[in-house]
Structures are given as structure tokens and as C-alpha cells.
Amino acid sequence: MLVVLAALLLPYLLTPLYLVVPPVSTPMAWRYVTLQPVTRIWQPLEDMAPILPRTVIASEDGQFCNHHGIDWRSLRDIIQDAEDLEDLRGGSTISQQTAKNLFLWQGRSYVRKALEFPLAVWMDLVLGKRRIMEIYLNIAEWGPNGQFGAEAGARRAFRTSAADLNARQAALMAAMLPNPRRRDAQRPGPGVRRLSAIYQRRASVAGLDACLKRPPRLVKGGQKR
């Protein structure tokens, strides 16, 4: 019983550490343990092209800046229309996906969903939007052979840094996220190109990534910069 309780509490204890420590996701850890290749180059959010997080918000979680870990309105609508657990996948926020990738397991499970909800709310409270996005973009799987994070994904797909992605490239990467082993930004099929065009248009919405902006710093004399 104590072991189970400790396992349930561990993610809540680890979350504050991830304010300063670059975390490793469970898929990454599994590949390390099974001696499979892993490529991940941690890239701070300020060193990524701003269009990338904006496009990921547009494609994955349009209300990211407005909810507190769970988009209850969207989830309610999806539950009403869902026929099985597979249909609930579309209700996952970026906070939920980050919680799942950091602490839980892949696949469809009501148990996992039940654990994911409070974790997402806790992470949203402790880490804040900007750090959650930074972690998500650095642990998301972006290639078929152990490429994790935007930097590794951008180098594989476009032979460039995540800092230099343009709007089209960012949209192609966003289109990969649900299934990076079947969807390829390097050689996109018609479906990926169609999705990326939609995401590129959505990313132009004003204020979509407002919660990622850092407040201006005060310099000598009380002026902002």
C-alpha cells in the first residue's frame, strides 16, 4: 500500500524540480532502458522560432492560454459525442499530454486518464504555461527513430535549428505530433500537407500565445525594455 501511495505522490513531488531541471519523458526512458537510440537537444523556449509554439497551440490546444490544465468545455462536448475511449484523445490539452509523457504510460486507459487530470491541473499551477510549453516542445516525439524535442525534429526534417523554422515548417512539424512514426514532415503526404495548411492559418489568430510572453524587464530608471 505504501509503495502504491509513494508511486502516486512521486509525480507531484517531482513537478517543482522541473522548474529548473530538464525532464526526461517515459517514452525516452523506455528507449534508454531498452538500448534504443534517443536524440534530444534541449532548447529553451526563447531560442525557438516563436511560430512553433504558436502553431502547436493552434493544432493541439487552442484554449491553452485560457484553461487551467483541463479544457472542461471542450472535454464535455467530446464526451457527449464520443463512442469509445479513442474519441476522447482529442480532448487532451497540452498540459495533459505533458503530464502523460512525463509520468504515465502510452495507450488508451480510463485509469491513465483519471491520473492525468489532477496531474495536469497541478502542473499548470506549479510550472505555469511558459514552462509547460517549453517542456512539451522538448519531450514531444518528433521522428520515427527516437528523435525527441523540437530541435532534434527540426534538424531531422529540415536540416535546420528550431530557432530558424518558418511558418510552413512549423505547421508541418505540428501535423506530425499525433503520430510521428507515420507522419513525416520531411516527406509529407497529402494528409499531412492538408493538416499543416489548416494549422498554419489557425496560427495567425491574435493572442493565441499571449500566455507565453515574458513581462518586460525593468531597467535603471524604472523604464521597461
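**Entry 1: the model.** I noted at the start that this is a predicted model. I also reminded myself that two packed helices are described by the angle between their axes and the distance between the axes.

**Entry 2: α1 and α6.** I looked up helix α1, residues 2-14, against helix α6, residues 110-139, and found that they pack at an angle of about 25 degrees with their axes 10 Å apart. Angles under 35 degrees count as roughly parallel, and α1 is therefore roughly parallel to α6. I then checked the handedness, and α1 passes α6 in a right-handed crossing. On the α1 side the contact is made by Leu 8, Pro 11 and Tyr 12, while α6 brings Leu 115, Pro 118, Leu 119 and Trp 122. When I sorted the residues of this contact of α1 with α6 by class, I had seven nonpolar, no polar and no charged.

**Entry 3: α3 and α6.** I went on to α3 and α6, which pack at an angle of about 85 degrees with their axes 11 Å apart. Since 65 to 115 degrees counts as roughly perpendicular, α3 is placed roughly perpendicular to α6. Here Pro 53, Val 56, Ile 57 and Glu 60 of α3 make the contact with Met 133, Tyr 136 and Leu 137 of α6. By class I wrote down six nonpolar, no polar and one charged residues for the contact of α3 with α6.

**Entry 4: α8 and α9.** For helix α8, residues 167-176, and helix α9, residues 190-202, I found axes that come within 8 Å and cross at roughly 120 degrees, and the two helices are therefore oblique to each other. The crossing of α8 and α9 is right-handed. From α8 I listed Ala 167, Arg 168, Ala 171, Leu 172, Ala 174 and Ala 175, which meet Val 192, Leu 195, Ser 196, Tyr 199 and Gln 200 in α9. The residues of this contact of α8 with α9 divide into eight nonpolar, two polar and one charged.

**Entry 5: α5.** I asked myself how many residues of helix α5, residues 94-103, are buried. Ten of the ten residues are buried, so α5 is largely enclosed by the rest of the structure. The buried residues of α5 include Gln 96, Lys 100, Asn 101 and Phe 103. I traced what lies around them, and the buried residues of α5 pack against α1, α2 (26-33), α3 and α6.

**Entry 6: Thr 55.** Leaving aside neighbours within four places in sequence, I found Thr 55 in contact with Ala 170, Ala 171, Ala 174, Tyr 199 and Ala 203.

**Entry 7: the disulfide.** I searched for disulfides and found that the structure holds one, joining Cys 65 to Cys 211 with an S to S distance of 2.1 Å. The link of Cys 65 and Cys 211 is left-handed, with -65 degrees about the S-S bond. Cys 65 lies in the loop between α3 (51-60) and α4 (72-81) and Cys 211 in the segment after α9, so the pair ties together parts that are 146 residues apart in sequence. Finally, I noted that Cys 211 counts as partly exposed, at 23% relative accessibility.

Methods
Residues numbered from 1 in each chain as written. Predicted model: local features only at pLDDT ≥ 70, side-chain atom pairs only at ≥ 80, totals over all residues. Heavy atoms only, no water. Axes fitted to C-alpha atoms, helices over the stretch in contact; angles between N-to-C directions. Helix = DSSP H or I, 4+ residues; strand = E, 2+ residues; numbered from the N terminus. Parallel < 35°, antiparallel > 145°, perpendicular 65-115°, else oblique. Left-handed = near helix turned anticlockwise from the far one by under 90°. Contact = heavy atoms within 4.5 Å. Nonpolar A, V, L, I, M, F, W, Y, C, P; charged D, E, K, R; others polar. Disulfide = S-S within 2.5 Å. Buried < 20%, exposed > 50% of the residue type's maximum accessible area, 1.4 Å probe, protein only.
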